[in-house]
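Here are a few notes to read alongside the model. Take them one point at a time, and find each residue in the viewer as you go.

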Amino acid sequence: MKVTTELDRADLKILRALQRDGRLSTVALAENVGLSPTATTERVKRLTREGYIKGYHAHLDPGMLDRALLVFVEVTLDKTTPDVFARFAQTARSSPEILECHLVAGGFDYLIKTRVKDMEAYRVLLTQTILTFPGIKESRSYAVMEEVKAEAHLPI
């Protein structure tokens, strides 16, 4: 069982600062939040241990890596039974082309987010990968024309 403590003002400052720049040195982070480097290090260790901090990542430019086209895919399954959900989810987790996959409430079952080079690359991904997932009844694709806001930071 994971034990979590209530976050205080210093914890929230640490989380905000690390969201902005996960490469901050301990000294810079300590100065930012008004604590000693030792106290800051211990808090970061606790926040990580308790699961508030999941990891550190570089924010990459999709266009520079031939992944400029963002596509969302609605997927409806032929049956909504636990075994169909489990098989679909396992297949999605093992597909590196899929950036996100969410089981949703509403008019369809899953929402998939993917990035590809262009529409031709998406057609190949759809027909040769996504539509081969177990249990799919139908899908609808939405190619993004403009990313108005793409923020990964949580408002804390």
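**Notes on a strand residue, a core and some rings**

1. Let's begin with Thr76. Setting aside neighbours within four places in sequence, Thr76 is in contact with Gly107, Phe108, Asp109, Gly135, Ile136, Lys137 and Glu138. Please keep in mind that this is a predicted model.

2. Where does Thr76 sit? Its place is in strand E1, residues 69–77. Thr76 has a relative accessible area of 14% and is buried, because the cut-off for buried is under 20%.

3. Now look at the largest nonpolar core, which has 19 residues; Val75, Phe88 and Tyr122 touch the most other members. Strands E1 and E3 and helices H4 and H5 (119–128) each supply at least two residues of this core. The largest share, 5 residues, comes from E1. Apart from this core lies another, of 9 residues, including Leu18 and Val44.

4. Phe88 deserves a visit of its own. Not counting residues up to four places away in sequence, Phe88 touches Val75, Leu77, Cys101, Tyr110, Ile112, Phe133, Pro134 and Ile136. Phe88 also belongs to one aromatic cluster with Phe85, Tyr110 and Phe133.

5. Finally, the rings. The structure holds 3 aromatic pairs. One of them joins Phe85 and Tyr110 edge-to-face, with 6.1 Å centre to centre and 70° between the planes. This pair links distant parts of the chain, with Phe85 in helix H4 (residues 82–93) and Tyr110 in strand E3 (residues 110–116), 25 residues apart. Which partner is buried and which is partly exposed? Tyr110 counts as buried at 4% relative accessibility, whereas Phe85, at 22%, counts as partly exposed.

Technical notes: Residues numbered from 1 in each chain as written. Predicted model: local features only at pLDDT ≥ 70, side-chain atom pairs only at ≥ 80, totals over all residues. Heavy atoms only, no water. Phe/Tyr/Trp six-rings, centres within 6.5 Å; stacked < 30°, edge-to-face > 60°. Helix = DSSP H or I, 4+ residues; strand = E, 2+ residues; numbered from the N terminus. Buried < 20%, exposed > 50% of the residue type's maximum accessible area, 1.4 Å probe, protein only. Contact = heavy atoms within 4.5 Å. Core = buried A, V, L, I, M, F, W, Y, C linked by side-chain atoms within 4.5 Å.
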